[in-house]
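I opened my notebook to get to know a new structure. Come along as I look things up, one entry at a time.

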Amino acid sequence: MKKSNRPDRDISNYHEILPKEERPEQGKRYILNMNDEPTCVADVTEFDGGCWAKVKVVGPASEKYQAVYHENMEFEIKVAYYRFQELAD
């Protein structure tokens, strides 16, 4: 496996890409589900169709994640690890 030039992204399946119809769209709000469990509600602030997206958290999706996800928290996610449930504005 070719190593990434960015050590913070040197993980297995680095270039795994979701099918186009399952990818999030920049500017939309989603419930982010990991392992079929809702983790947080977030806005996709940056996404160019590749492996990574930047999100800004609106809040946790359940009480279980209140200590993990805080409003206005921003971070990058590996898109293939999540399922996106679009929310209306």
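Before starting, I noted that two strands count as paired if DSSP finds at least two bridges between them. I also wrote down that this is a predicted model.

**Entry: the strands.** I looked up β3 and β4 and found five bridges joining them, with the two strands running antiparallel. Strand β4 covers residues 74–78. Across this pair, Val55 stands opposite Phe75 in β4. On to the next pair: β2 (residues 37–47) and β3 (residues 52–60) are also antiparallel, joined by seven bridges. Their hairpin leaves four residues between the strands, and there Gly49 has a positive phi near 95°.

**Entry: Glu46.** I found Glu46 in strand β2, and its bridge partner in β3 is Lys54. Is Glu46 buried, exposed or partly exposed? Its relative accessibility is 45%, so I put Glu46 down as partly exposed, since exposed would need over 50%. Leaving out residues up to four places away in sequence, Glu46 touches Gln26, Ala53 and Lys54.

**Entry: the core.** Which residues touch the most other members of the largest nonpolar core? I found Leu32, Ile77 and Phe84, out of 16 residues in that core. Strands β1 (29–34), β2 and β3 each supply at least two residues of this core, and β2 gives the largest share, four residues. I then listed what Phe84 touches beyond four places in sequence: among them are Leu18, Tyr30, Leu32, Ile77 and Val79.

How values were computed: Residues numbered from 1 in each chain as written. Predicted model: local features only at pLDDT ≥ 70, side-chain atom pairs only at ≥ 80, totals over all residues. Heavy atoms only, no water. Core = buried A, V, L, I, M, F, W, Y, C linked by side-chain atoms within 4.5 Å. Buried < 20%, exposed > 50% of the residue type's maximum accessible area, 1.4 Å probe, protein only. Contact = heavy atoms within 4.5 Å.
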